[in-house]
Amino acid sequence: MLTLNVIGRPDIMTTMIPNYVKRLKGINRSFLLKAGTGLLLFSIGYSSAICLVYGNLDSKLPFSVYYYGDAEVFLAYGAAVAEGLPFDMNLPFRPPVTAWFLALIYFVTHGYKSILLIKHLLAISGGAIAWLTYEIACMVSNRTIAFLAGAMCSLSFGLSVIATVPGTESIYLMLLLLTVFLLCRKCFPRWIDSFIIGVVTAFACLTRGEHILLIPLLFYYINQDALKIWITQKTSKQLMIAFKRSTIFIFGLSIVLLPWMIRNAFVISKINDAVAFSNESKLEPLPMIVPVTLYGPLNFALANLPPSDGGFSRDALPMVNDSQDIDPYSPEHRKFLIHGYSLGFKELNKSLKYSVSLFLKKLKISSDAFALGFCNGNYPSGLNGKRRSSDMFAPDNKWFKWVVILFGCLGWNLFRKQHSFFAYVCLWVFIHRIITIVLFFGYVRQGILIMPFMFLLCARSFYWLFEKRNNMSLPALFCGAGLLAGLVTNIYLAQFERRFEVDYKVIKGTQIIDHQQEVVFRDKGLVSR
């Protein structure tokens, strides 16, 4: 019957099939264009990070002139994990994911025999951040805006810096962007997404402990469509759907997070038992339930007790054996490890003026991340600046920060007017980061963790300026020209070595890198190799 109908109606063969083929070709062309653009942005983001490595005097060092952080500590931690050796008495002082990643590099490369190879592998994160930003932007806006946002990420000086240092920031940022990507996409059934989001969330928590604060919001966003229907229709079916998704999310979270918590409980139990049978039985036992690290109470106390100035400082920690290194067997240090939150809140409650002043200082330091510009010369802000203790470089020239903040606010408002889901995702990412900064240390590297979202908002604002003039071809052309110019600039700068005149707030030796010192940089230009 179907054959007779087709024979009787030859227009089906002449119109429907060619139209289907045209549509299929259109889909393929669109997919290839999107994939090609993503690959281009990934490649430029990766090459920007690599050019930064080769264009500096730290190319053979395991850290960066612009950012030291805990690079050497994480490398030692990764080596210990790869060799099955204890590190920090096996106590969970640091989130483990960065160490696991470095342990994989250590195992594959048979040891840290080449710092350059390690930095090449780390630089992949620079490309991945640009690509994930582009993919998210494609889902929440058009491809021109996505291209603009991805291009800014791929040429970002700050993102290139964190992509070349063994630290938590670039890995965490990839996991955060992946979480947002999964929240925005609609390809798989929601219960599969719930499981994947749970797993990714667990790894993000084990990369940076403050990510735990986002878990309640993730519960809401996973179930928001079911809850909205339940509010209007009051059907129990929607509640069951929400319960199912939440259970699957918790399962995905637990299969990654629970083994680490059990491991921590076992290690801490052994240490508590050893102390109980020693002469130091007066020591208060360490808490057994540790989701990520023991450092939360300690960092909170150090960040909020005098003489804190908003940045990192250990000055509030009592000296033990002429050292401020953490000693869990010291009664003074154990007090900070166990009761740090109560110590910090007690101090903050004493004076509202002190608390507000300290919080504003922290936010001011972190907002300097928005002053970081593009390419490896950090244009337009330049490379004269300061690197605070255990933090990354921030330029003295800060006018660009206000441009980014202004365009970011405008872009958020444009998304909000469209009732975009992404506007509220950005809002909770920003609020989460502000809470983390206010509670703990004010770091430039804290601000850099929201830069991809700021770039996407800025791209929306930039597109709106051309949208008002009804000229939509210029944004993509402008972005393409800027991307090419940035790539050429980075390759050119990599042919030379940049020199600095370095000064210390407190002079203790002649090393150019000392993460415990506040270092002032004065750019002395390029020198031939």
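**Burial and salt bridges**

Guide: Let us start with Glu210, which is buried, at a relative accessible area of 14%. Buried means under 20% relative accessible area, exposed over 50%, and partly exposed in between (1.4 Å probe, protein chains only). The model is predicted: local features need pLDDT of at least 70, side-chain atom pairs count only at pLDDT 80 or more, and totals for chains, interfaces and linings use all residues. Residues are numbered from 1 along each chain as its sequence is written, and side-chain values use heavy atoms, with hydrogens and water left out.

Visitor: Which side chain meets that of Glu210 in a salt bridge?

Guide: A salt bridge is a side-chain nitrogen of Lys or Arg within 4 Å of a carboxyl oxygen of Asp or Glu. For Glu210 the partner is Arg208, at 2.7 Å from N to O. Arg208 is buried too, with 10% relative accessibility.

Visitor: Which residues do salt bridges with shared partners join into one network?

Guide: Glu169, Arg208, Glu210, Arg433 and Arg445. By this rule, the count is twelve salt bridges.

Visitor: How many residues apart are Glu347 and Lys350 in helix H14?

Guide: Helices (H or I, at least four residues) and strands (E, at least two) are DSSP runs, numbered from the N terminus. In H14 (residues 331-350), the two lie three residues apart, about one turn of the helix. Glu347 is buried at 18%, whereas Lys350 is exposed at 59%.
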